[in-house]
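Here is a short tour to read alongside the model you are about to open.

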Amino acid sequence: MTVLITGSSSGMGKTTALFLAKRGFSVYAGTRYPEKLQDIKEKNLHPIKLNVSSQTDIKNTLMNIPKIDILINNAGYGLVSTIEDLDENQMLEQFNINVFGVLRVCKAVIPKMRIQEQGIIINISSFLGKIGLPLLTLYNSSKYAVEGITDSLRYELRDFDIRVHSIMPGFFDTNFARENLVTNKKTFDKNSPYFKIVSTLTPQILNQINSGNDAILVAKAILKIIEDRHSPARVTVGEKASKFIPMRRELSDEDFERRVREYYHL
Ligand SMILES: NC(=O)c1ccc[n+]([C@@H]2O[C@H](COP(=O)([O-])OP(=O)(O)OC[C@H]3O[C@@H](n4cnc5c(N)ncnc54)[C@H](OP(=O)(O)O)[C@@H]3O)[C@@H](O)[C@H]2O)c1
């Protein structure tokens, strides 16, 4: 079976690409930087240039892959900013990659899957796709959107035997906090009126990501979804997701918010 993964040069994307390639899947590892994967000697792993914001990249990728059985929408990054400090370009870019990137690649791949009358789409969302947090409004809302995309596509594609799932990881120790968190300068200024919340929350989040779970858990969850056609619509992976998502389902909005405030001292 042939797999296309986006954002494959590090973290969950790279780990999953290798994990599946070693198990015999033909994996097209989409990345802005194929050279970063050049040294990997794995015959089933094919690095391919793919920036999810580029229609040209998406078109070329599709032309170079004869058949796609499984699409894993993984590319994403986080913006940390208050809303009042938000810069228009930062705002648009967060959704451009995390949301429209998913939609663009889906739009290109779905016709192939529809003609094949089978396919699996797995969207890497986040447990923050069900939880609001200050300073992460753009990131969290982008992941809420990914959850909505998953739910809607499940109806739209069912007749063609295309399964759609989301994975909601908790915090994972990848390049996410080290390289792919974009911070707004004004928000992090010492004179910002939000300094209290910034200095309370951000060290906790960074620490939790950098001491988070191993990306291999996500790779294993993806394989399980591929192998079991009765897999649930959304799967939680990792400690924080297993803690918060069941709580989110059980508690009222207000009680849940209280628990999150207590947990992060907000
Ligand atoms: N780490 C966590 O705690 C955590 C928790 C929940 C959900 N997630 C989600 O999991 C997914 C994978 O993240 P990760 O933790 O594996 O982090 P990562 O190591 O930073 O990998 C994310 C990948 O996304 C792509 N990407 C990042 N910024 C981009 C941009 N501006 N334009 C285009 N592509 C971009 C990059 O791929 P290339 O450089 O290869 O192009 C990058 O390697 C993301 O969607 C993230 O939101 C992460």
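Predicted model: local features only at pLDDT ≥ 70, side-chain atom pairs only at ≥ 80, totals over all residues.

Which residue in β2 does Val3 stand opposite? Val3 faces Val27.

- Strands β1 (residues 2-5) and β2 (residues 26-31) run parallel and are joined by four bridges.
- The open sheet has seven strands with parallel pairing, in the order β3-β2-β1-β4-β6-β7-β9.
- At its edges are β3 (45-49) and β9 (234-237), each of which pairs on one side only.
- On average, neighbouring strands of this sheet are turned by 20° against each other, direction ignored.

**Helices α3 and α4**
- Helix α3 (residues 88-116) packs against helix α4 (residues 137-157) at an angle of about 20°, and their axes are 9 Å apart.
- That angle is under 35 degrees, so α3 is roughly parallel to α4.
- The crossing of α3 past α4 is right-handed.
- The contact includes Phe95, Val99 and Leu103 from α3, together with Val146, Ile149 and Leu153 from α4.
- By class, the residues of this contact are 14 nonpolar, three polar and one charged.
- Helix α4 also lies across β6 (119-124), β7 (162-169) and β9, and runs at about 165° to β7.

**Around the ligand**
- The ligand is surrounded by 29 residues, of which Gly7, Ser9, Gly11, Thr31 and Gly76 are the closest.
- The shell comprises 12 nonpolar, 15 polar and two charged residues.

Conventions: Residues numbered from 1 in each chain as written. Axes fitted to C-alpha atoms, helices over the stretch in contact; angles between N-to-C directions. Helix = DSSP H or I, 4+ residues; strand = E, 2+ residues; numbered from the N terminus. Parallel < 35°, antiparallel > 145°, perpendicular 65-115°, else oblique. Left-handed = near helix turned anticlockwise from the far one by under 90°. Contact = placed C-beta atoms within 7 Å. Nonpolar A, V, L, I, M, F, W, Y, C, P; charged D, E, K, R; others polar. Near = placed C-beta within 6 Å. Pairing = 2+ DSSP bridges.
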